[in-house]
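Thank you for making time this morning.

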Amino acid sequence: MPFTLFSLPPFPSLVHHNPPPLQFKPFTSLHHLRLKYPTTLTTVSAIGADGKYYPDPSDDDPPEAPEDSMHGVNKFQQIQRQAAKAKRQQEELFIKEQSIFVNALADVEDAPDNPLVSDNDNSGDDLFGEIDKAIALKRKEFVKQGLLKPNPPKNSTLVESEVENVDELEPEEVVDLEEIDGLSGLAEIDESDEEKSDFEVSDDMGKGEFSDLSSFDIDFDEFGKTKPRIVEPKFRMSLAELLDESRVVPVSVYGDLEVGISGVQHDSRLVESGDLFVCCVGRKTDGHLYLSEADKRGAVAVVASKEIDIEETLGCKALVIVEDTNAVLAVLAASFYRHPSKSMSLIGITGTNGKTTTSYLIKAMYEAMGLRTGMLSTVGYYIYGDNKLESPHTTPDAVLVQKLMAKMVHNGTEALVMETSSHGLALGRCDEVDFDIAVFTNLTRDHLDFHGTEEEYRDAKAKLFARMVDPARHRKIVNIDDPNAAFFLAQGNPDVPIVTFAMENKSADVHPLKFQLSLFETQVLVNTPQGILEISSGLLGRHNIYNILAAVAVGIAVGAPLEDIVKGIEEVDAVPGRCELIDEEQAFGVIVDYAHTPDALSRLLDYVRELGPRRVITVFGCAGESDRGKRPIMAKIATDKSDVTILTSDNPKTEDPLDILDDMLAGVGWTMQDYLKYGENDYYPPLPNGHRLFLHDIRRVAVRCAVAMGEEGDIVVVAGKGHETYQIEGDKKEFFDDREECREALQYVDELHQAGIDTSEFPWRLPESH
């Protein structure tokens, strides 16, 4: 019975009394009654006893007219009226959202002039083929109305000629292709070679009814849901127009400024035909060195800060020299994509911890208000709703952020929640993003390898609040429990409205009156200027109460209905890799979390300790080529707040993992040499506080060791990666997911336990076969 002692009772007002289920009497079919009590039909005769015929007077009555339940309108007329009403509503919807309909069909090929041609191409009942035909015909209507330009289908003769020119497959390739088809379920099976199947289709079944059994492989969770089509917008303008729109003043210009630009790019690897290539100077490399690669990929114009000879290039027709390419990149991108941030409500979130979870909460709250809401966060980029793209960085670069926002606006997104990292703010990635609301979560030590000092790190974060200057439009949301709150509040215009939140400071506008924590649920009673909210959330831990309060404060700032605030927050059951529970029906808890800073790790372990576990077993590592100063600090926090700590690797990159572990051991006064000496005797002494410390440079082994040590009532914490699905060692980036590793470890250890092997004592090593 795992974790029963950790669960806390719910608030009295949250207890619901369910009415008893309705009970029905057993139903006896009429067919059953007829079989049980057979009857003989008797004919009623109108012949009297004297043999004369006596008719029934009712026989002469006229037949009764049936009751007019349709009010003079027959069934056919009713259907006609319903169809007319539906058509009228469809026309009104089209007029209202005409731009969306037109853009959705912009790239679709026109229907052929002769419909019989397309009908002959597709034999059989093809539902999706019929849908495609209907879409093509609708596009043809738009072309006739002048709403779209013609887009004729590709010439089939060209396709056939291309196929004829393809070389014949080698025998080995034919075998490989057959194997692939067989694995895909596409290979035809010869009936003569097929053994008799256990399942035979009877002749009663219609032909083809079971011809494709793969059609029964249905995802019932997605059944009935239609995923909206995301349309990719297309932009084009001349280089002269772009310079004029962006108000960039060049030092000098060469070539044809009327050349057409179809994209802006600063990464030569991503350049496409028709793009403008901006040669930015980075910390490790210089974009001017990659002009030839950008030229080969189709760049038609270049913006540089150094003199370049474009005559040696293949396709570059224009060169613009500016003083600083990094300074003009954001404004060029924003101007090219028509300043999309001005068409949405933007919420920017900054701080060391809590940005991602707070983003999810605010997004859900805005969607509860009926707004299409996008999100740019560490975990993913969302156009709106569940339409997700993978995200390589917390804040995308200056070009990508404008491109993503333009895509959102084009697809009807009305609001955007965006994590603003210190890197993104310091490097100018957000310079042309028009924020409406700034949210500050907290500030602790992080990224000092990039910023140098804590003051520079804080100043970079504060750039978001410096933009809050318009009292009519802008809002500041600040956690006043944080010591840096006053600094952030002082940024920008002091007249901009402020909404504060806190857990400890009861003078905050938004603060908790009462809360309860458990391993499965967080319940909190929140006081706001508009009333008291009762929230039950699947997000776990005290630190998540801060995130909930931040989202509530944003809702109060924009005047959201209280019921929408609660509904939106309660919609978020979990955030990937954020205090995520791993459940394989084991007798102890396993939590995976992204905590990779001293403060985040400390908060996480405090929450776990509040649950009252028998032991806390923690696995974590520190990244290579990153802030070395936090390594001993985090090791000290982990060993102070965990009964057992296992230090390991976490993206060591080009650093030696043992050197990183040596830095971490300094937090408890040990060195790697000390640890190796203890290992010679196969005994690792307890720390002065009685807690135990072990290490292993292979993360997979460390996770399995921690899981193997877990017993009933324990909680195993695997921190550092969270949602990340990779491990970087040297120049290699390989798949690695802490959540999957925990699941595999739990299954493997369960097999060992069933075999009678005790794994609770460390050291626990993997057999050579694993």
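Predicted model: local features only at pLDDT ≥ 70, side-chain atom pairs only at ≥ 80, totals over all residues.

Arginine 247 counts as exposed because its relative accessibility is 72%, and the cut-off for exposed is over 50%.

Is cysteine 579 buried or exposed? With a relative accessible area of 5%, cysteine 579 is buried, because that value falls under the 20% cut-off.

Moving along to strand 19, we find glutamate 580 there, and with a relative accessibility of 18% this glutamate counts as buried. Leaving aside residues up to four places away in sequence, glutamate 580 touches Val575, Val590, Ile591, Val592, Arg739 and Arg743. With one of these, arginine 739, the glutamate 580 side chain makes a side-chain to side-chain polar contact of 3.4 Å.

Let me now step back to the whole chain. Its secondary structure comes to 24 helices and 26 strands, and of its 770 residues, 42% count as buried. If we take the contacts between residues at least 6 apart in sequence, 67% of them join residues at least 24 apart.

The largest nonpolar core has 100 residues, and those with the most contacts inside it are Ile362, Ile477, Val510, Ile535, Val552, Tyr607 and Phe620. Which helix gives the most to this core? That is helix 17, residues 542-557, which contributes eleven residues. The core also draws at least three residues from each of domain 2, residues 339-571, and domain 3, residues 580-755. To take one of its members, isoleucine 477 touches, among others, Phe440, Phe465, Val499 and Phe501, as well as Ala550, Ala553, Val554 and Ala557, when residues up to four places away in sequence are not counted.

The structure holds one cavity of 30 Å³ or more, and about 30 Å³ of space lies in the largest cavity. Its lining is made of Thr358, Thr441, Asn442, Asn479, Phe501, Tyr546, Asn547 and Ala550, and the largest share of that lining, three residues, comes from helix 17.

The second largest pocket has a volume of about 920 Å³. Of the 28 residues that line this pocket, Glu97, Ile100, Phe101, Ala104 and Leu105 lie nearest its centre. Helix 2, residues 75-96, provides the largest share of the lining, five residues, while helix 3, residues 98-104, and helix 5, residues 127-144, each supply at least two.

I would like to finish with helix 21, residues 657-665, and a strand that helps to cover it. The buried residues of this helix are Ile660, Leu661, Asp663, Met664 and Leu665. What covers them includes strand 21, helix 20, strand 22, helix 22 and strand 23. At the N-terminal end, helix 21 is capped by aspartate 656, with a side-chain oxygen lying 3.0 Å from the backbone nitrogen of leucine 658.

Strand 23, residues 692-695, is where arginine 692 is found, and at 28% relative accessibility this arginine counts as partly exposed. Its side chain reaches the backbone oxygen of tyrosine 684 at 3.1 Å. Not counting residues up to four places away in sequence, arginine 692 touches Asp643, Val644, Thr645, Tyr684 and Pro686. Lastly, the C-alpha atoms of arginine 692 and threonine 639 are separated by 7.5 Å, although these two residues are 53 residues apart along the chain.

Terms used. Residues numbered from 1 in each chain as written. Heavy atoms only, no water. Buried < 20%, exposed > 50% of the residue type's maximum accessible area, 1.4 Å probe, protein only. Core = buried A, V, L, I, M, F, W, Y, C linked by side-chain atoms within 4.5 Å. Helix = DSSP H or I, 4+ residues; strand = E, 2+ residues; numbered from the N terminus. Domains from an automatic or database assignment. Contact = heavy atoms within 4.5 Å. Polar contact = N/O pair within 3.5 Å; in protein donor to acceptor, adjacent residues only side chain to side chain. 1 Å grid on protein atoms, 1.4 Å probe; cavity = no way out; pocket = protein on both sides within 12 Å on 5 of 7 lines; lining within 4 Å. Points joined across faces, edges and corners; volume = space filled by probe spheres on them.
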